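Here is a short briefing to read alongside the model. Grab your viewer and follow along, topic by topic.

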Amino acid sequence: MTVTAVRKDTNALTLTLDAEFDAPPERVWQLWSDPRQLERWWGPPTYPATVTSHDFRTGGRVEYHMTGPEGDQPHGFWEITEADTPRRLAFRDGFANAYGTPNTELPLNDVEVTIEPIGGGRTRMSILSRFPDVAAMEQLLGMGMEEGLKEAVGQIDDILAESRVRA
């Protein structure tokens, strides 16, 4: 299993997911920086993502929607605050309407992704989500954020295995 730990800290208002992969950091970074690869894992299997805009640099914006089993399409966006290839990515994560305008009825959260080598050609990736307050944390976790993130990251090993076969 890719995911090695998930920690919720209501005092710090954080959710942290750790995962390890049989791939170097540069390859793990590509899972974020290539919109076609990002679509293959961002979102749980029942809600696959479609990336519609991917300006992947500090100050850039990523826009996407997921398509649910009933055809619903929740939209989201990232406002990238830091993109340090291949080590760190930070962004403000939010929900949007179909036109990409932020949905102010749902909370934003700040996300920090760290990617680091751990030896033997392996990489550890941590995704830390920081919530503005307890109510926002409870609301997003109540919407299935933790389970969805675990399922999404759980799809990465198969993507990485495909690139090893082609190499």
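Helices here are DSSP runs of H or I with at least four residues, numbered from the N terminus. By that definition, Glu146 is found in helix α4, residues 145-153. Please keep in mind that this is a predicted model.

**Helix α4 and Glu146**
- Glu146 has a relative accessibility of 14%, under the 20% cut-off, so Glu146 counts as buried.
- Leaving aside neighbours within four places in sequence, Glu146 is in contact with Val6, Lys8, Leu15 and Leu141.
- The buried residues of α4 are Met145, Glu146, Gly148, Leu149, Ala152 and Val153.
- Viewed down the axis of α4, these buried residues fall within an arc of 165 degrees, so they line one face of the helix.

**Nonpolar cores**
- The largest nonpolar core has 33 residues, and the members touching the most others are Trp32, Trp41, Trp42, Val113, Met125 and Val153.
- Helix α1 (residues 25-33) gives the most to this core, contributing 4 residues.
- Not counting residues up to four places away in sequence, Val153 touches Thr2, Val3, Leu17, Ala19, Phe21, Trp41, Met125 and Ile127.
- A second, separate core holds 6 residues, including Leu15, Phe131, Leu140 and Met145.

**Aromatic pairs**
- The count of aromatic pairs comes to 10.
- Trp42 and Tyr64 have ring centres 6.3 Å apart and planes at 85 degrees, so this pair is edge-to-face.
- That pair links distant parts of the chain, 22 residues apart: Trp42 sits in the loop between α2 (35-41) and β3 (49-54), and Tyr64 in strand β4 (residues 61-66).
- Both partners are buried, Trp42 with a relative accessible area of 10% and Tyr64 at 8% relative accessibility.
- Trp42 also forms an edge-to-face pair with Trp78, at 5.0 Å centre to centre and 90 degrees between the planes.
- Here the partners are 36 residues apart, with Trp78 in strand β5.
- Trp78 is buried too, with a relative accessible area of 0%.
- Ring pairs link Trp32, Trp41, Trp42, Tyr64, Trp78 and Phe91 into a cluster.

**Backbone details worth a look**
- Most residues other than glycine have a negative phi, and most peptide bonds are trans.
- Leu13 has a positive phi, near 60 degrees, and lies in the loop between β1 (3-9) and β2 (14-21).
- Leu13 is buried, with a relative accessible area of 16%.
- Thr85 and Pro86 are joined by a cis peptide bond, with omega about -15 degrees.
- Pro86 is in the loop between β5 (75-84) and β6 (88-96).

Notes
Residues are numbered from 1 along each chain as its sequence is written. This is a predicted model: local features need pLDDT of at least 70, side-chain atom pairs count only at pLDDT 80 or more; totals for chains, interfaces and linings use all residues. Side-chain values use heavy atoms; hydrogens and water are left out. A nonpolar core is a set of buried Ala, Val, Leu, Ile, Met, Phe, Trp, Tyr and Cys residues joined through side-chain atoms within 4.5 Å. Buried means under 20% relative accessible area, exposed over 50%, partly exposed in between (1.4 Å probe, protein chains only). Helices (H or I, at least four residues) and strands (E, at least two) are DSSP runs, numbered from the N terminus. Contact means heavy atoms within 4.5 Å. The arc is that of the directions from the helix axis to the C-beta atoms. Rings of Phe, Tyr and Trp (its six-membered ring) pair if their centres lie within 6.5 Å; planes under 30 degrees apart count as stacked, over 60 as edge-to-face and the rest as tilted.
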